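Please keep the sequence and the structure in view while reading.

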Amino acid sequence: MGNKSKRGSEWKKWDLHIHSPASFFWKGSKNYLSMSAKEIEAEMKVFIKAINESDADVFCLMDYWTFDWYLELLKYKKKYPGELKKTIFPGMELRIECPVDYRLNIHVILSDQLTPQQLNDFKSELTIRLIDRKLSNEALANFAKTLDKSKAKHHGFTNENLNDEELLLLGSQTAEITKESLTKAFTQIPNGTGYIILPYDTSDGLLDLDWEKHPHDDNYFMQTAHIFETRDKRNIDLFSGIKNSENETFFDNFFKTLGSKEKPCVSGSDAHSYSDYASYPSDKITWVKAETTFEGLRQIICEPTERVKIGAVKPDTKKTYFSIDKIQITDNTGKNNFTSESIVINPNLTTIIGGKSTGKSLLLYYLAKAIDPDEVRSRIDETKPKPYDFDDDPNFNFEVSWSDGHISKLKSADLEEDNRKILYIPQNYLNKLSETNVKSRVTLNNFVMNVLLQDDEVRESYSSLQEEIKSLLRNIPTAITVLYQTRADINGTIEQIKKIGDEKGIKKYIAELEKRLNQIKQKSQLDKKEIKEYEKLREKEAETIKNITLYSSDRKQVSNFVRESSSLLSQIEEKRVTAIENLSTDEAKTILSSESSLLTKLKPNLSEKLKKVDKLIGKKIVQLNKDLVSTQKLLVPFNSKFEFQEELRKVSNQIKEEQSKLDGLSLLNKDLKNKRELFTNQKQTITSYYKQIFQNYTQLQFEFKKYESKFEDISLNVSIGFEESHFNDSVISNCLNKSDIKKQLKISGNTEYKYSFDQVSHLNFMEELFEGVINNEVKTVRNTSAKDAIIKLMDDYFRIDFKISYKNDSLDKMSPGKKGLVLLRLLINLSNEEWPILLDQPEDDLDNRSIYDDLVEFIKNKKKERQIIIVTHNPNLVVGADAEEVIVANQEGQELGRSNEKFRFEYFSGALENTFVDEKEQFILYQKGIREHVCEILEGGEEAFKKREQKYHLSN
């Protein structure tokens, strides 16, 4: 039976139009008809060597009018089995009757499983038009004899008497078969073993047929052909059913003529020499994604736009580090549970099928766990026993080989360094999410958020903004505490001012004392000069006292600044150290440490400078006190001259005392003004912190908005949400007086107040409420302090809300099955990642309509971008989604008559087109092909194949 593990359908080069020495115009060797048997065998070796050394995997011999070379190949293969390494189909290039001024080419491609007799039966039904004879070399020569001299001359034959070889050549260039006989020829071979390939824009193709003059013929050929040969992208689009700006004016008519169904396109080399095999004109290579069998060719009829492509580059190529190449189980337990043979994995869609408990989910589970155990843990319910325990045995391991050569192991010393990832959805995961938790807005938001954060760029931006939000939230309580400390300082200063007295009253009282002092001076018998000197000394004394007060106040302010700046610089140094420690690279740490080193010098330098300021002020105060003592000494002689010395001294002291009060009051008022300005600034700082938090959420909203139109039928509306219930319970009901809130916000009515979030007006609302609490216009309740109420008020109640709708239906109104589909698509589509997707029986979470109508098409499109591996019981996910590989699982002893070759769990893989029945084979997995296993294991599998084939009306 060969290798038990096959990768299934893979993109390979197919050249379905080559010639051999049996074709006229062959280059490089003798013509087949002139070769001896020995020469034919020698030439066949050269032919096979050219085929084997070519980089194409499949060929079709399209010799003119004959299967001769292919029949010789069959004889050679029988004599030398195994020498030919590639697949070669029999084919024939013909000319068919058609009302055109050229001879229309038409090709037939037949199965390599047909016998020589069947091929001869096919050929024998082909009839040459006009002479009504069956196709043969003799008939071609006889047709040439019916041509007049001018027709022979037109084809390069000037001699009147042509020999047999020349007649055969002329007949080959001029004869045509009838349409009726071509149809009859296909009745001579089994259904599905032959197809028509019709050249379209290549040599003598259908494109030049005037369809307006001959609509019947145009319809006949367009609808009879199974495959078209073309190299023009515009025509490929038409046959593929792609309507665009270039063809929209005639597309509908063209597609109707085609039979209203897509048809595959190929491009061959049309090689007439060995060196030109698989050498495609203009590098228009034909790529076919199928097994290299005729059943593989049949798949391009089933999937005409997905299984065949024309272009210079291999289609659907994935990055090697995002593609799993193969898996291998190491079972050294001695229990013969698993084979050590590798299971290769297709880069597109691999499905794993089998009966109940046959090791399907087991294979997927360990595949996921070997690559990304954290992903598995995040999806599996850890409150329940783990699904499989084979890995509890130290002699069990699971190895995943990637296409770039990297290996991920379930148990490895370097496990922490393995950073490969997968998306793993275990059984019933979506169902549990959609039926229960999704009712919670928070759960759904977290689900979508986690999906979006798979994108590295989004995750980095999100983390940065979240860190900034956290920093702002830490700052707000501190700033509120400082605000209320400032308020306490303001109140304390106001009390001090009240205790000192009224400024106007003090000034009025000083004026009265001055008047009384003047009266005493006039009675003191001092002359004008002495009085003038006395007043000058008194003014100096008063000025000195005032300066001592001012400098003392300045010294206190400098002292406060020293203390506060020292604390602030210490905090900055702590943040600097933390920032350096949080850096990931030594280079970045070194640079930041060096460039910010001046911060460490700032504190001692500033402290030293401030000490100098303090010292200078201190010196000034000492000097002023000396000046005061000196002035007061000078006043002593004057005071002794006054008769009313005691009263004069008393009044003078009263004036000094009141002036000192006035000076202190001036300083306190100045201090009060500064504190009130500080209080206003601190309020603005708090509200600015809150605004920055809101702006960060706005930025997050913007970051996620690019996903709103990620795909056509699922709408993801992103908005800033607000935990209204939590806010109302925590703040409105438990901290603040609701009646005061309504007054503050000018809300009328008797209904109990509840806050309703509005993104546009929210910041204004918060500022008004904040001011109301600060100004005591909104009082607190339940022994809550105003400070604590504001801390709760300014907390983070924001969230990012994701509102999902599918085909204009809200997620909340969908059935669980439809919800599951939408959540699965979100999980896969909202990520830009390319790592593999592993799904375990997704049909369990979805309804049948969702699978057939939506999921199958989604999987077919997504597998082109990402490798997908699915465990499933649903035939539509296997056949409908056109799985490139199917892995069939079987466990020994699960069912009678389903025995394994050696191990408890065994696996067999291949392509959907892999079909055979081997009645001699003893072991169940190897008794039949993949198609037969699908039909047997999956309920509705045979029906799924029929639907897929009926879609394109497959027949001969």
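At what angle do helix 24 and helix 25 pack, and how far apart are their axes? The points below begin with this pair; please bear in mind that the model is predicted.

1. Helix 24 and helix 25. Helix 25 comprises residues 786-793, and its packing angle with helix 24 is about 170°, while the two axes lie 10 Å apart. Because angles over 145 degrees count as roughly antiparallel, helix 24 is described as roughly antiparallel to helix 25.

2. Residues between helix 24 and helix 25. On the side of helix 24, the contact involves Met766, Leu769, Phe770, Val773 and Ile774. Their partners in helix 25 are Ala786, Ile790 and Leu793. Sorted by class, this contact holds eight nonpolar residues, with no polar and no charged ones.

3. Helix 16 and helix 24. Helix 16 spans residues 456-500 and packs against helix 24 at an angle of about 40°, with 13 Å between the axes. The two helices are therefore oblique to each other. The crossing of helix 16 past helix 24 is right-handed.

4. Residues between helix 16 and helix 24. Leu483, Tyr484 and Arg487 of helix 16 meet Phe770, Val773 and Ile774 of helix 24. This contact is made up of five nonpolar residues, no polar residues and one charged residue.

5. The cover of helix 23. Is helix 23, residues 738-745, mostly covered or mostly uncovered? Six of its eight residues are buried, so the helix is mostly covered, given that buried means under 20% relative accessible area. The buried residues are Lys738, Asp740, Ile741, Lys742, Gln744 and Leu745. Among the elements that cover them are helix 22 (724-733) and helix 24 (762-774).

6. The two ends of helix 23. At its start, a side-chain oxygen of Asn737 comes to within 2.9 Å of the backbone nitrogen of Ser739. Just after the helix, Lys746 adopts a positive phi of about 60°.

7. A buried aspartate in a loop. Asp391 lies in the loop between helix 13 (373-379) and strand 15 (396-402). Its relative accessible area is 11%, which means that Asp391 is buried. The side chains of Asp391 and Lys369 are joined by a polar contact of 2.9 Å. Leaving aside residues up to four places away in sequence, Asp391 touches Tyr366, Lys369, Lys386, Phe396, Leu410 and Lys411.

Technical notes. Residues are numbered from 1 along each chain as its sequence is written. This is a predicted model: local features need pLDDT of at least 70, side-chain atom pairs count only at pLDDT 80 or more; totals for chains, interfaces and linings use all residues. Side-chain values use heavy atoms; hydrogens and water are left out. Buried means under 20% relative accessible area, exposed over 50%, partly exposed in between (1.4 Å probe, protein chains only). Helices (H or I, at least four residues) and strands (E, at least two) are DSSP runs, numbered from the N terminus. Contact means heavy atoms within 4.5 Å. A polar contact is a pair of N or O atoms within 3.5 Å; within protein, one must be able to donate a hydrogen and the other to accept it, and residues adjacent in sequence count only if both atoms are side-chain atoms. Axes are lines fitted to C-alpha atoms, for helices over the stretch in contact, and angles run from 0 to 180 degrees between N-to-C directions. Angles under 35 degrees count as roughly parallel, over 145 as roughly antiparallel, 65 to 115 as roughly perpendicular and the rest as oblique. Ala, Val, Leu, Ile, Met, Phe, Trp, Tyr, Cys and Pro count as nonpolar, Asp, Glu, Lys and Arg as charged, and the others, Gly among them, as polar. A crossing is left-handed if the near helix is turned anticlockwise from the far one by less than a right angle, and right-handed if clockwise.
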